[in-house]
Amino acid sequence: MDNKIRQLFPILQNKINNKPLIYLDNAATTQKPRSVVEAIEHFYFNDNANIHRGIYKLSQRATNAYEKSRKNIAEFINAKYTHEIIFVRNTTEAINLVAQSYGYKNFKPGDEIIISTMEHHSNIVPWQLICKKTGAKLQVINIHENGELDFNHYEKLINNRTKIVAIAHASNTLGTVNPIKKIIAAAHAHNIPVLIDGAQASGHIQIDVQNLDCDFYAFSAHKMYGPTGIGILYGKEALLNSMPPYQGGGDMIKKVTFAETEYADLPQKFEAGTPNIADVVGFGATIDFIKSVGIDVIAKHEKELLKYATAAFSNVKGLKIIGTAPEKTSIISFILDKIHPHDVATILDTEGIAVRAGHHCTMPLMEFYNIPGTTRASFGLYNTKEEIDILIEALTKVRKIFSR
Ligand code: C6P
């Protein structure tokens with residue numbers, strides 16, 4: 001990846017603690033290119049009005065910009081219909097929507113929901129909430145020590161009580177990319193729908209929802225160079241049509257009387273209230289940005305960084321990588337001797353290096369590995385091998401400080 005890409009991200013010119021910023025926390029959120037920020041600014045300066053309501057020109061312009069983004073995203077993930085894209089705040093809200101709407105309608109006491117040991121809390125807690133309401137229960141797929149899913153165990157868990165499978169495309173802590181096509185096919189053989197948590201895949205891997213044949217797919221714009229506060233839930237038309245809205249309000253109705261309400265068609269049925277219009281527009285610009293670079297180019301660059309970093313990390317004494325599955329995204333979690341991950345991250349910060357430390361919202365996974373947390377470096381399209389070299393040097397420094 002050339003330097004031109006880095007120049008598109010003004011924040012990367014920053015100094016932190018008098019050192020050039022080395023941003024390696026892309027799994028938490030990515031930085032934003034100028035084009036995305038400018039698209040949001042342009043919207044507020046030129047097109048801002050509420051959508052779907054106005055008779056006047058400006059409101060029509062705002063509506064067009066909003067709906068254009070939906071179309072852009074639908075095409076990007078190869079959805080069959082644009083109205084299969086529901087705008088939500090983030091991946092978390094998308095999963096809550098499915099749990100509260102699909103789950104509330106379909107789950108009965110004794111029913112089962114399959115998730116896995118490596119899930120983010122956002123793909124655990126929403127299911128626990130609906131389990132409490134409906135009497136359904138969670139079944140958890142085991143993983144192997146290297147962070148790969150135990151597919152045999154998954155197949156054993158599927159039975160006639162299984163009502164949904166909800167699984168991460170890629171793990172935010174381990175980097176493991178799950179064989180979701182196989183997972184989906186196995187569930188569909190029993191007519192069980194599958195939700196994919198795509199938070200760590202979108203922006204890194206080409207997503208084709210029709211090819212995957214997933215029933216639901218969720219992701220957040222902010223993890224793919226887009227704005228915070230906006231994400232999508234993709235759902236197959238028939239499933240979304242069968243589900244009740246889980247929030248009521250303006251813009252999701254056809255007719256309201258005090259006796260009853262007739263809901264709007266998709267996608268409005270699930271978009272109650274004034275949405276995050278400007279960030280939807282920014283999300284559209286994000287897709288344009290990714291397309292202009294090329295998702296394959298991004299994937300190739302990140303693969304190279306992962307390979308380079310994995311080799312470099314194995315030369316650091318006392319460092320153990322947590323998560324060594326053969327298929328990974330550009331995420332490396334590690335422990336360094338007995339040094340607490342927070343101490344590692346704090347010292348790295350003094351060198352201008354931003355990494356995340358802790359349980360990464362995967363506490364059950366930490367329990368599986370019997371560790372309190374890890375330090376995590378996660379790479380994006382603007383990261384370089386030189387930055388990895390500086391990280392390695394800094395880790396050696398951390399070890400020295402703690403060996404005194
Ligand atoms: N993981 C991380 O540092 P939201 O916050 O809704 O945009 O994304 C939630 C989420 C869901 N699933 C996975 C696999 C994720 O990684 C995340 C977010 C961030 O790892 C913040 S905790």
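Start by selecting strands E4 (residues 85-88) and E10 (residues 231-235): they run antiparallel and are joined by 4 bridges. Strands here are DSSP E runs of at least two residues, helices are H or I runs of at least four, and both are numbered from the N terminus. Two strands count as paired if DSSP finds at least two bridges between them. Within this pair, pick out Val88, which stands opposite Gly231 in E10.

A word on what you have open: this is a predicted model, in which local features need pLDDT of at least 70 and side-chain atom pairs count only at pLDDT 80 or more, while totals for chains, interfaces and linings use all residues. Residues are numbered from 1 along each chain as its sequence is written, and side-chain values use heavy atoms, with hydrogens and water left out.

Stay on E4 and show its side chains. In a regular strand the side chains alternate between the two faces of the sheet. Here Ile85 and Phe87 lie on one side, Ile86 and Val88 on the other, and all are buried, with both faces of the strand covered. Buried means under 20% relative accessible area, exposed means over 50%, and partly exposed is in between (1.4 Å probe, protein chains only).

Next stop: helix H2, residues 34-47. Its 14 residues reach 19 Å from the first C-alpha to the last, close to the 20 Å expected at 1.5 Å a residue; the expected span is 1.5 Å times one less than the number of residues. Now colour Val36, Ala39, Ile40, Phe43 and Asp47, which are buried. Look down the axis of H2: the buried residues fall within an arc of 95°, so they line one face of the helix. That arc is taken from the directions from the helix axis to the C-beta atoms. An α-helix has 3.6 residues a turn, so residues three or four places apart point the same way.

Move on to Ile207, in the loop between strand E8 (194-197) and helix H8 (209-212). Is Ile207 buried or exposed? At 2% relative accessibility, Ile207 counts as buried. Leaving out residues up to four places away in sequence, Ile207 touches Phe76, Ile77, Asn78, Ala201, Ser202, Leu212 and Tyr217; a contact means heavy atoms within 4.5 Å. For a distance check, the C-alpha atoms of Ile207 and Phe289 are separated by 16 Å, and the two residues are 82 apart along the chain.

Now for some backbone details. Most residues other than glycine have a negative phi, and most peptide bonds are trans. Select Leu266 and Pro267: the peptide bond between them is cis, with omega near -5°. Pro267 sits in the loop between strand E12 (261-263) and H10. His52, in the loop between H2 and H3, has a positive phi of about 65° although it is not a glycine. At 29% relative accessibility, His52 counts as partly exposed. Asn370, in the loop between helix H13 (363-369) and strand E17 (374-378), has a positive phi near 55°. Asn370 counts as exposed, at 69% relative accessibility.

Finally, zoom out. The chain has 14 helices and 17 strands, and its C-alpha atoms fill a box of roughly 75 × 55 × 35 Å along the principal axes. Of its 404 residues, 56% count as buried.
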